[in-house]
Amino acid sequence: MNKLWENIFKFRQKETDEIDNILIQIPIFQDLNNRELRTIKRILHQREYKKNEVIFNQGDVGLGMYIIVKGTVEIVCGTAKHMLAELNDGDFFGELALLDDSPRSATAVSKTPCKMLCFFKPELLDLINRDPGLGSKILFKLAWTIGERLKSTNEQVSELSHLSHRTQLDS
Amino acid sequence: MKIYRNSGSNMVKITIFFIAFIILISFLAVISDIVKLMIISALLAYVLDPLASFLESRGMSRTSATSAIFLFIFAIACISSVVFLPVLYEEIKALQVGFNSEKAGLMVSDFENFLVNNLAFLGVKDLNLLSRIQGAMARVGSWIFDHFLDAASVITGMVLIPFIVFFLMKDGRRFKQAFVSIMPNRYFEFTLYLFYKLNIQIGNYLRGQLLDAIIVGIFSIFALWLLGVKYFFIIGIFAGLANIIPYFGPITGATIAIIVSILQAGSFNMVLYIIVAFTLIRLIDDILVQPIVVAKSVHMHPLIVLLAVLIGGKLFGILGMLLSVPVVGFIKVVVHESIINYRRYGEA
């Protein structure tokens, strides 16, 4: 009997460790101490998706970000389902929805069975109300993450325009 | 990635949904007393929630914050019961017995004679106004006594409502998370979005209306006390609570105060003063209080609000009238957001 309880306990411990390890990899949660991480874990939603299941559709109302604990997710865009990115364990997407109310700009589909953590705007707003210190830490890191993504996008645009300019010159 | 739907299986789903819905409504109707307690508790927990969040922001845990609020309310209730409850009890008891003022009786009889003599061509005769008014006032007193002050409902209310409110406040987030966790993946984010929108619109409406009712109640008690109207305390509380019901509430409060003053003084001397006092309270409410405390409420057409209050009153009495606007607001938000989302889903 003890063995059974030990196994159940270990299984839960393993699951918690897995979530902890994923969370500390996410830039938004990187500067948080153990107490703050426990608070965040309490407000996250855990979901499981089957293979080829739509997580959200382009145009849906967006409420927050998804963190991949296990599995692969494909981000596709437009009616032609043009692939934008393939994301794996520890990656996250949809974080812009934490800040604005615009609809989802792409569709997310699970390529393999996926385990996800979801962090949504109402919980973030509630957190800002009841723990302003932790809320501002997250907002600061969120702004930093979006800034980094903007820099990376700018570099890609710059490279593309440079490439297109060179192609025009060559032809 | 387009989803094709089978219309046959959809019909089965819709039928099952409707059967389940009817069973649920029937079940709720059977346990309507418990549902009433749950609704009142949920509304109280909802209204008190920002206070608990504020205390949490000051470093308290959720349990400590909830306990502190309950201790504060308990202290206020104890003080109120010592100071105000005897007054309230006496006023309701007197209201239940009715009015026996001879002067008031004579005045009502004169008024009745005037109506019978001048409106005989309309078929007005044997109105029995005095006994009708006395009967109506006694019924109001008995209703308040039966619904609020009888031993069984006081004990049930005083024990069960705080108990439910405490756990809803303490574990409300966990209940919400548990509810969302059982939603299918496809509707999960949308369900959370609905909660989010409802919280913004209905939450602000309820909190605003409650604050508004307290302010109007205090103003009414003070004004009626200044004018020397008997039962000023109970009428003031009633006027404040009635103020939550759009359109009908403010008029009802003033009308009851006028009737009491006529029966008390046996003349119409106080009527004008009461009308002026309630008009001033209404103006202060409309110009100062409403824009500040009920600013971000559910935006609905006045006709819909009026119909909602009438239907709520017809189906569920005073509780229906009080809850009709938030319930219609809830339905409006759910339908509106569902349609928008469905259209977007269709476009995607």
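## Chain A: contacts and fold

What percentage of the contacts in chain A with a separation of 6 or more is accounted for by residues 24 or more positions apart? In this predicted model, such residues account for 75% of those contacts.

The secondary structure of chain A consists of 4 helices and 8 strands. Their order along the sequence is α-α-β-β-β-β-β-β-β-β-α-α. Chain A has 171 residues, and 27% of them are buried.

## Confidence in chain A

The mean pLDDT of chain A is 86, and 91% of its residues reach a score of at least 70. Among the elements of chain A, the lowest mean pLDDT, 68, belongs to helix α1 (residues 2-25) of chain A. The highest, 93, is that of strand β7 (residues 107-110) of chain A.

## Chain B: fold

Chain B contains 12 helices and 0 strands, and its pattern along the sequence is accordingly written α-α-α-α-α-α-α-α-α-α-α-α. Of its 348 residues, 21% count as buried. Within chain B, residues 24 or more positions apart provide 67% of the contacts with a separation of 6 or more.

In soluble globular proteins, nonpolar side chains tend to be buried together. In the present model, the largest nonpolar core comprises 42 residues, and those with the most contacts inside it are Val229(B), Ile235(B) and Ala257(B). Two or more residues of this core come from each of α2, α7, α8, α9 (232-242), α10 (248-265), α11 (271-293) and α12 of chain B. The greatest contribution to this core is made by α8(B), with 8 residues.

Setting aside neighbours within four places in sequence, Val229(B) is in contact with Leu224(B), Ile235(B), Ala257(B), Val260(B), Ser261(B), Gln264(B) and Met270(B). A second, separate core has 36 residues, including Ile22(A), Val61(A), Cys118(A) and Leu192(B).

## The interface between chains A and B

Contacts between the chains involve 21 residues of chain B and 24 residues of chain A. On the side of chain B that touches chain A, at least two residues are supplied by each of α2 (32-57), α7 (151-181), α8 (185-227) and α12 (302-347) of chain B. Helix α8(B) provides the largest share of this side, 9 residues. By class, the side of chain B that touches chain A holds 10 nonpolar, 7 polar and 4 charged residues.

Key: Residues are numbered from 1 along each chain as its sequence is written. Chains are lettered from A and ligands numbered from 1 in the order in which they are written. This is a predicted model: local features need pLDDT of at least 70, side-chain atom pairs count only at pLDDT 80 or more; totals for chains, interfaces and linings use all residues. A residue is buried if 20 or more other C-beta atoms lie within 10 Å of its own, exposed if 12 or fewer, and partly exposed in between; C-beta atoms are placed from the backbone. Two residues are in contact if their C-beta atoms, placed from the backbone, lie within 7 Å. Ala, Val, Leu, Ile, Met, Phe, Trp, Tyr, Cys and Pro count as nonpolar, Asp, Glu, Lys and Arg as charged, and the others, Gly among them, as polar. pLDDT is the predictor's confidence in each residue, from 0 to 100. A nonpolar core is a set of buried Ala, Val, Leu, Ile, Met, Phe, Trp, Tyr and Cys residues joined through C-beta atoms within 7 Å.
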